[in-house]
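Welcome! Here is a short briefing to read alongside the sequence and the 3D view.

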Amino acid sequence: MKVLDFSIPSSVEGWVAIDDRVMGGISSSQLRFHPDGHAVFEGDVSTANGGGFASVRHPALRLGIQGTEGYRLHVRGDGKRFKLNLRMEDGLDGVNYQAGFQPPADRWVEILLPISNFSPRYRGRPVPSAPPLRPEKVCQVGWMVADGQAGFFQLYIRAVTAVGT
């Protein structure tokens, strides 16, 4: 079982913002440590200049082994819809496997995202010819907010656990 545990300050090191600024937008985000012992993915999404998404990614995290059937998130939201992004390839560009979730505002919950919920996307567009997600090959993990949800956002994250056989 693989776990991303965000209970210590070093757990947020190495995360990089990849916002719509890469295409001329003005959204911004970060992943920071909260003194209560969890991470906070936060920022501001703007649809100005053709933008509309904010994301952070860790370029070198393994998350899953053979037999992983899904991911359990321990999160608290702000009412917005977020995405967990997983990648099976190194590098900045390529196919993201995304699963959306919408945790309630101001209440910690556990959300299970089965592998079947992850859809392959490239720069926001579906990639029907992509191979299926193989958790044992996941090498990058990220968080995203998009889909026209302009304004300030916050997602609190305690842990992500790969679950399965």
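The count comes to eight aromatic pairs, where rings of Phe, Tyr and Trp (its six-membered ring) pair if their centres lie within 6.5 Å, and planes under 30 degrees apart count as stacked, over 60 as edge-to-face and the rest as tilted. This is a predicted model: local features need pLDDT of at least 70, side-chain atom pairs count only at pLDDT 80 or more, and totals for chains, interfaces and linings use all residues. Residues are numbered from 1 along each chain as its sequence is written, and side-chain values use heavy atoms, with hydrogens and water left out.

**Aromatic rings**
- Phe-6 and Trp-15 form a tilted pair, 6.0 Å centre to centre with 50° between the planes.
- Both Phe-6 and Trp-15 are buried (under 20% relative accessible area with a 1.4 Å probe, protein chains only; exposed is over 50%, partly exposed in between).
- One aromatic cluster is formed by Phe-41, Phe-82, Phe-101, Trp-143 and Phe-153.

**Charges over rings**
- Arg-76 lies over the face of Tyr-156, 4.0 Å from the ring centre; the rule asks for NZ of Lys or CZ of Arg within 6 Å of the ring centre and within 35 degrees of the ring normal.
- Arg-158 lies over the face of Trp-108, at 3.8 Å from the ring centre.

**Strands** (DSSP runs of E, at least two residues, numbered from the N terminus)
- Strand E6 (residues 68–76) pairs with E9 in the antiparallel sense over six bridges; pairing takes at least two DSSP bridges.
- Tyr-71 has Leu-113 in E9 as its bridge partner.

Key
Helix = DSSP H or I, 4+ residues; strand = E, 2+ residues; numbered from the N terminus.
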